[in-house]
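Work through the exercises below with the model in view, trying each task before reading its solution.

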Amino acid sequence: MPLARLIPCLDVAHGRVVKGVNFVGLRDVGDPVELARFYSDGGADELVFLDITATPEDSATMTSVVADVADVLEIPFTVGGGVRSVDDAIRIIESGADRVSLNSAALADPSLISAIARRYGSQAVVVAIDAGDGVVHTHGGRVETTTKTIPWAIEAASRGAGEILLTSISHDGRREGFDLALTAAVRDAVGVPVIASGGAGSAAHVAAALRVTDAALIASIVHENPAGLPGLRREIEGLGIRLRPMKEET
Amino acid sequence: MSDVVVVDYGAGNTRSVRAALTHLGRTSVVSSDPTAIAASDYVILPGVGSARSAMEHLEATGAATALRERFNAGRRILGICLGMQLALEHSDEDGGVDGIGLLEGSVTLMTEGRVPRLGWANVEPWGDAYYFAHSFAAQSPDGVATSEGVTVAVERDAFLGVQFHPEKSGSAGLNFLERCLSPV
């Protein structure tokens, strides 16, 4: 199994990073390019950009953000939010993203997963699942569906999703640790890697998640102190998790 | 003229490879023009798209022939991910596709561990961790490096192919590309 991955997630609205990034060392904390580079230098293994507005008018803005990020970033990144069609995926990937993340659109039309996977390979398709009370939620967790979480994860993987990004709604934002039972259950049910999301409040929480799955998404824990990322990595490694070795940047 | 030709498959993301080259002070052009492939100092066959559409495009444009001639002339080519896989004789991807056939060997679906194999992993005997994102892997007598038991690099004469993405592997990847590009 490859090394465990730490994946900061950046929320983007109208081309700007929003929500909780708090750091005086950056000239412009809202600039996705500057923050991406900062996290990359600090030891992020990948990044996720989530377009939280994702209106049609914003798609051109997001495309240009993706291209700008691709020009400076030497680690992989995934773009989610507003990927509703194969054309959206083409636009995002051909602008330089490594992967797209599908959520509500995949649930509405699961054939979208296979169509993108056929074109770019399954490693380019992440299916994000917002789970609560055993069922999938859509629209940022606000709408509860009748689709059960684990069967949906299995279907998504069988249709070509190369990774599941699993967010536990009840744990998200509480900073009391990940939903380890749910994460382990989904990972046991599928053959693809699973990213745990929701609940990271400490290095111990992240380490616990990385003992049951392949990667952990982190947000406020790192946005509150972006300069603390190398220290967070060392703490997690100190808890027995193997992460990629960091070297001095050339 | 540009230092490096990044071979165009007709679809996909070549932006990151070119950004890494720019970072290393190299100029590059994305092209499937046989003349450009023949004349360039260095050619990179990048890792984007799917095997069948890539091969169709490479054959239709004459790029595949140009790559074979370049290889036979002993001039350097780097294959990345799918670009490495295409250099072999055959791939099981997309129901079975003949490759460019520079090196002996074939490409098969991985059956061990989580597939796709995603993330950073150490490469032996080279000793650094690089980023992988693949479901298929090479079987070749020309294997020169492995990662967790998977053949992840093949080399014969002037062709070097790697399964990982050096353009996505941080400073280790940039250092690797720099070594590839340095004069022999």
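The model is a predicted one, in which local features need pLDDT of at least 70 and side-chain atom pairs count only at pLDDT 80 or more, while totals for chains, interfaces and linings use all residues. Residues are numbered from 1 along each chain as its sequence is written, and chains are lettered from A and ligands numbered from 1 in the order in which they are written.

**Exercise 1. Describe how helix α6(A) packs against helix α7(A).**

Begin with the elements: helices (H or I, at least four residues) and strands (E, at least two) are DSSP runs, numbered from the N terminus. In chain A, α6 covers residues 149-158 and α7 covers residues 180-189.

Next take the geometry, where axes are lines fitted to C-alpha atoms, for helices over the stretch in contact, and angles run from 0 to 180 degrees between N-to-C directions. The two helices pack at about 40° with their axes 9 Å apart, and α6(A) and α7(A) are therefore oblique to each other.

The crossing of α6(A) past α7(A) is right-handed; a crossing has this hand if the near helix is turned clockwise from the far one by less than a right angle, and is left-handed if anticlockwise.

Finally list the contacts, counted when C-beta atoms, placed from the backbone, lie within 7 Å. T149(A), I150(A), A153(A) and I154(A) of α6(A) meet A185(A), V186(A) and A189(A) of α7(A). These contact residues divide into six nonpolar, one polar and no charged, where Ala, Val, Leu, Ile, Met, Phe, Trp, Tyr, Cys and Pro count as nonpolar, Asp, Glu, Lys and Arg as charged, and the others, Gly among them, as polar.

**Exercise 2. Find how many residues each chain gives to the contact, and describe the crossing of α2(A) and α1(B).**

The contact takes 32 residues from chain A and 31 residues from chain B. On the side of chain A that touches chain B, α2, α3 (86-94) and α5 (111-120) each supply at least two residues, and the residues of that side divide into 12 nonpolar, seven polar and 13 charged.

For the helix pair, the axes of α2 (residues 59-72) of chain A and α1 (residues 15-23) of chain B come within 7 Å and cross at roughly 45°, which makes α2(A) oblique to α1(B). Their crossing is right-handed. The residues that make the contact are A67(A), A70(A) and D71(A) from α2(A), together with R15(B), S16(B) and A19(B) from α1(B).

**Exercise 3. Is C81(B) buried or exposed, and where does it lie?**

Most residues other than glycine have a negative phi, and most peptide bonds are trans. C81(B), although not a glycine, has a positive phi of about 55°, and it lies in the loop between β4 (77-80) and α5 (82-86) of chain B.

A residue is buried if 20 or more other C-beta atoms lie within 10 Å of its own, exposed if 12 or fewer, and partly exposed in between, with C-beta atoms placed from the backbone. C81(B) has 27 other C-beta atoms within 10 Å and is therefore buried.

How values were computed. Angles under 35 degrees count as roughly parallel, over 145 as roughly antiparallel, 65 to 115 as roughly perpendicular and the rest as oblique. Two residues are in contact if their C-beta atoms, placed from the backbone, lie within 7 Å.
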